[in-house]
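Student: I am new to this structure. Could you walk me through it?
Tutor: Gladly, let us take a look together.

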Amino acid sequence: MSASPPSIAQLAGLRVALWGWGREGRAAYAALRGARESGIGIGESGERFPARLTLFCTAAEAEEARALGDGALLVETEASAERLSAFDVVVKSPGISPYRPEAVAAAAQGTRFIGGTALWFAQRPDARTICVTGTKGKSTTSALLAHILRAAGHRTALTGNIGQPLLELLDGEATFWVIELSSYQTRDVAASGVRPDVAVVTNVFPEHLDWHGSEARYVVDKLALLTEAHPRVAVLDANDATLSALALPDSDVRWFGRADGWHLRGEALWRGDEAVLDTRGLPVPGRHNRGNLCAVLAAIEALGLDAKALAPHALTFQPLPHRLQTLGTRDGVAYVNDSISTTPHASLAALDVFGDRRVAILVGGHDRGLDWQPFVEAIGARPPAAIVTMGQNGPRIHALLSGVAGRAGFGLGQAVDLGEAVARAQDLLGGEGVVLLSPGAPSFGAYRDYNARGRHFAALAGFDPEAIAAIPGIGIA
């Protein structure tokens, strides 16, 4: 077997397992089962793949998997190093870290761990791909890019980490493939040996330290899309210190955020010395989202299209849920759902959107060990009306803020959970202002994901959670 991840057909005759039964795991299973049923996966000696397939998953997931009635699917609930090392290839879901001890031990014994993203790239090496990543802004950038390409008449796929595994579109046809990638997936592309047409990176700062193990490894894994996948064109933010320090000799680098490219001057969008668009009509708030538009237009140029002519289509973009999403107003208080915020940096960006309005921000959640001191220092210089801490790292954040609250003049509350935090914020605002959910931390433990957290916030604020949760545009159109 080659060093690059094999195509599905090349898995014939190998011992193969799946690790994880979320949507990504189910998509991988469907792709492999489809290969078996269609005869795609027939090896040189005539064996079909997979004759047998082992799935490692939780006990709760095992019941669902067994209910499929697939006699060739063997379900196990303990993915030990010994069991994993019994396989040639393990197709793992993105949320499972390859740095877990059992994975490291199995890899040392020769087991190869790949993801569904790598399988898709191996199957579709000729697809015109625009891979988008970044610590923040990648979903809005991906969706906005797909929206403009479609508005220009190009059949475009919007897929990946934004909410649809690539393998669900294994047989889909599109002119352009806009693929959002998390830091869990960027190495999949790098290892596939397939060069993306364009790679867009919005920014890089610490996140997901529990999965990657350290800040340094997070940065290396995230930037593997650039440094190891060698995209034909790399679209990068000139104002990001990590990105601006990169040397990418194998890629044509296009910078946004500087005067000779796509950049902002006040509320106006410029391409070099030419003013192109007044961004005040852009339906997504915040200067960071205008920066995302600069990235999108630089990527469109990299595809050989007329970005200046297409820029006005951004004004008809439908914003994504859980990203500075205004839910409405109740009894003089506006509610804004920014549940996607999982870093302190993102929470500060959310606060910047509201200027001098009275804001009570809700922060805290799963503790990944990120440093909140820069957040505290920024708050001390420009405080909101109130801050309410909550969740696992809430007490740690509260302790840091208590040293500056009196001096900076903002209200400080503490809550056990989101329901108590909303009530505390309402009290601190006194019937006027904005309750902003921008936690700066993941939702793990209390909620399945940021979507569930945002939906609960909507319900607590008195809004219909079903009406606020759909992500528009996913798939091929």
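Student: Why does a radius of gyration of 23 Å agree with a compact globule?
Tutor: This is a predicted model, where local features need pLDDT of at least 70, side-chain atom pairs count only at pLDDT 80 or more, and totals for chains, interfaces and linings use all residues. The radius is taken over C-alpha atoms, and the globule rule is 2.2 Å times the number of residues to the power 0.38. With 477 residues, a compact globule would come near 23 Å, so the protein agrees with its own 23 Å.

Student: What share of the residues is buried?
Tutor: Buried means under 20% relative accessible area, with a 1.4 Å probe and protein chains only. Among the 477 residues of the protein, the buried share is 56%.

Student: How many helices and strands are there?
Tutor: Both are DSSP runs numbered from the N terminus: helices are H or I with at least four residues, strands E with at least two. Residues are numbered from 1 along each chain as its sequence is written. The protein comes to 17 helices and 21 strands.

Student: Which residues lie nearest the centre of the second largest pocket?
Tutor: A pocket is an open set of points on a 1 Å grid where a 1.4 Å probe fits, with protein on both sides within 12 Å along at least five of seven lines; lining residues have an atom within 4 Å of a point. Here β5 (112-115), α5 (116-123) and α7 (186-192) each supply at least two lining residues. The lining has 25 residues, and nearest the centre are Pro-98, Phe-113, Arg-187, Asp-188 and Ala-191.

Terms used. Side-chain values use heavy atoms; hydrogens and water are left out. Buried means under 20% relative accessible area, exposed over 50%, partly exposed in between (1.4 Å probe, protein chains only).
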